[in-house]
Amino acid sequence: MSEMGEMYRDLKDWQKARRRIWGEPCAKCREEQPRRQPTILEPGRFCKVHRPWHRDPRPHPTEEEFAERMAANGWNAHKSEES
Ligand SMILES: [Zn+2]
């Protein structure tokens, strides 16, 4: 049971780190709703806050690019197994 909790926390940390490293504020949000906190988008993601939907213009990183950049930020390839 507690292992599930651990994994879940790891996943949360991982997602937070990924967002921090790759996320950028949605340009459309800033343009159309400058007073609102813009949505943070990862490459290629859609912002669903406003219509028409806006997609982050950056190309999706390849697995290598992704791993490299995460590693550069202290997140080596996700170590899920420890036993
Ligand atoms: Zn937006």
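1. Confidence first. The average pLDDT of the chain is 86, and 88% of the residues score at least 70. This is a predicted model. Among the elements, helix α1 (residues 2-22) has the lowest mean pLDDT, at 86. Strand β1 (residues 24-25) has the highest, at 95. One caution applies: where pLDDT is low, the predicted coordinates should not be read in detail.

2. Overall layout. The chain has three helices and four strands. Their order along the sequence is α-β-α-β-β-β-α.

3. Of the 83 residues in the chain, 8% are buried. Take the contacts between residues at least 6 apart in sequence: 17% of them join residues at least 24 apart.

4. Helix α3. This helix covers residues 63-72. How many of its 10 residues are buried? The count is zero, and the helix is hardly covered. Just after α3 comes G74, with a positive phi of about 90 degrees.

5. F46. This residue sits in strand β3 (residues 46-47). Is F46 buried or exposed? F46 has 12 other C-beta atoms within 10 Å. The cut-off for exposed is 12 or fewer, so F46 counts as exposed.

6. Around F46. Set aside the neighbours within four places in sequence, and F46 is in contact with W53, H54 and R55. C26 is 20 residues from F46 in sequence. In space, the C-alpha to C-alpha separation of F46 and C26 is 9.0 Å.

Methods
Residues numbered from 1 in each chain as written. Predicted model: local features only at pLDDT ≥ 70, side-chain atom pairs only at ≥ 80, totals over all residues. Helix = DSSP H or I, 4+ residues; strand = E, 2+ residues; numbered from the N terminus. Buried ≥ 20, exposed ≤ 12 C-beta atoms within 10 Å, placed from the backbone. Contact = placed C-beta atoms within 7 Å. pLDDT = per-residue confidence, 0-100.
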